[in-house]
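The sequence and the coordinates are shown first.

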Amino acid sequence: HDPKFPEGFFWGASSAAWQVEGATEADGRTPAIIDLNSKTKKPFADNSIAADHYHHYKEDVALMAECGFTSYRFSLAWPRIIPNSDRKVNQAGIDFYNNLINELLKHNITPIVTLYHYDMPVWVEEKCNGWLDRSIVDEFEYYAKVCFENFGDRVKYWLAINEQNMQICYGHWLGVSKGCTDWFRQKWVINHNMNMCSAKAVIACHEMVEGGKIGPVPGMVPIYPETCKPMDQIGAMNAEEFTEKIWNDTNAYGKYSNFLKNYWKNNDIDPGIQPGDEELMLAAKIDYIGVNCYRSNTGKDAPLDAEEQEYLLNKDGVKGNLKFPVVPGQYALTNNPYVETNDWDWEIDPVSLRYTLRYLWDHYQLPMMIMENGFGMHEAKDENGEVHDPERIEFLRENIYQVGLAIEDGVEVIGYNPWSFTDLLSTGNGMAKRYGLVFIDATDEELANAKDASELGMKRIRKDSFYWYSKLIKSNGKD
Ligand code: BGP
């Protein structure tokens, strides 16, 4: 059957500045930490051109309108807006986002804006020792206020920090661990600093943006127990606590759970909570939850004497190269024989999206909007210059169906923004792992070797999924 989506349900797509904009040196933008990663560290791809959305935003928004979008979720690049430690606001950066927002509104597309999606300015990293020094809170609050002041008259849906849980769990890979000598303990200081940044942003949003709504964007990977062995259930619960629940509880309740406080005590961890912080967290009431969900994981018991294994993501798209983590005394992740996987060993499990929505609703009763969901794959044009992506259509169809079922279950879901509109750089795989409804005609190699985007043309080609999604939107979710 065809589940019904509510009137006014948002249909759109999602992106992040450093992955889509390019133009990293244009109009006064200074380097972000992630740019440096992209130049020096494999497997990051060069992001100086990316999808060149900075120069193609009008064309991109016109394509969104053609597709029938009613929403678009994107992020602001902090180093475009405040490029230097003198905190002077860069008018050219403000102009770019004003133009983008106005272009979206002209086409009746509601902008949904993330304040922070991994592109900390290098000057902030140097000044605040990454996220480690408490002074980051002041810098972030200032930045957030500049954004609310400049865009809050037109942007009503805001998101604070993208996938804070993933940044704390696996962020040393993204460069979040800068300044840390003891990641195991200091990541909780970073986490608390991020929470203070979010709390300040939530409060400022409510003060400065009339009708403004703001929330977190957890990266949700629900954990199924591998078996019905009682200890596998505990293993799965532990995995869920340590990768997701700790953050969801903090965001929704405005305080740290007993589970987390106990963990800190048992492990001699001081997260750096200062007087007044807990009151501030409690006062920062989120309005909704942005949900990123691509897949599920499966958890099991890991006894204390199990051999520890770091989570090694598959960064080359050759099946079988991922290594699941083992955390002795807590949990291990493992294969799920009941689901297929993609080339990066990500579980293809649309039911996990319904599970996630049900789970979050049952725990927190907050409206939700899907901010990321999608299918990454190796793609190229065929001999006719077309791009056929039946796997993506299948993935989106099944996932949207599961969202519909969750709505029928009684969950309040207000929109669906899959990752991504045009192809853009995957976090660790550049253009080798594409997600778009629209193809960007450039490979990683071409992007790395070109002097600038004009050399490449950066042609946009509608994939089959674009036409399919467009039809679905126009019938409000009917396939
Ligand atoms: C999310 C991030 C995005 C995006 C996506 C896909 O965790 O918020 O920035 O990259 O994952 O991941 P990947 O690019 O590694 O396939």
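Why is strand β4 (residues 157-162) largely enclosed by the rest of the structure? In this predicted model, six of the six residues of strand β4 are buried, so the rest of the structure largely encloses the strand.

**Pairing of strand β4**

Strand β4 pairs with strand β3 (residues 110-116) in the parallel sense, and four bridges also join β4 to strand β5 (residues 213-217), again with a parallel run. The table lists both pairings, each with one of the bridged residue pairs.

| Strand pair | Sense | Bridges | Bridged residues |
|---|---|---|---|
| β3 and β4 | parallel | four | Thr 114 and Leu 159 |
| β4 and β5 | parallel | four | Trp 158 and Ile 214 |

**Overall chain**

The chain comprises 16 helices and 17 strands. A compact globule of 479 residues would have a radius of gyration near 23 Å, and the value of 21 Å for the chain agrees with this. Along the principal axes, the C-alpha atoms fill a box of roughly 60 × 55 × 45 Å. Of the 479 residues, 52% are buried. Among contacts with a separation of 6 or more, 79% involve residues 24 or more positions apart.

**Ligand surroundings**

Around the ligand there are 14 residues, of which Ala 16, Gly 219, Gly 376, Ser 426 and Thr 427 come nearest. By class, this shell consists of eight polar, three nonpolar and three charged residues.

Notes:
Residues are numbered from 1 along each chain as its sequence is written. This is a predicted model: local features need pLDDT of at least 70, side-chain atom pairs count only at pLDDT 80 or more; totals for chains, interfaces and linings use all residues. A residue is near a molecule or strand if its C-beta atom, placed from the backbone, lies within 6 Å of it. Ala, Val, Leu, Ile, Met, Phe, Trp, Tyr, Cys and Pro count as nonpolar, Asp, Glu, Lys and Arg as charged, and the others, Gly among them, as polar. A residue is buried if 20 or more other C-beta atoms lie within 10 Å of its own, exposed if 12 or fewer, and partly exposed in between; C-beta atoms are placed from the backbone. Helices (H or I, at least four residues) and strands (E, at least two) are DSSP runs, numbered from the N terminus. Two strands pair if DSSP finds at least two bridges between them. The radius of gyration is taken over C-alpha atoms; the globule rule is 2.2 Å times the number of residues to the power 0.38. Two residues are in contact if their C-beta atoms, placed from the backbone, lie within 7 Å.
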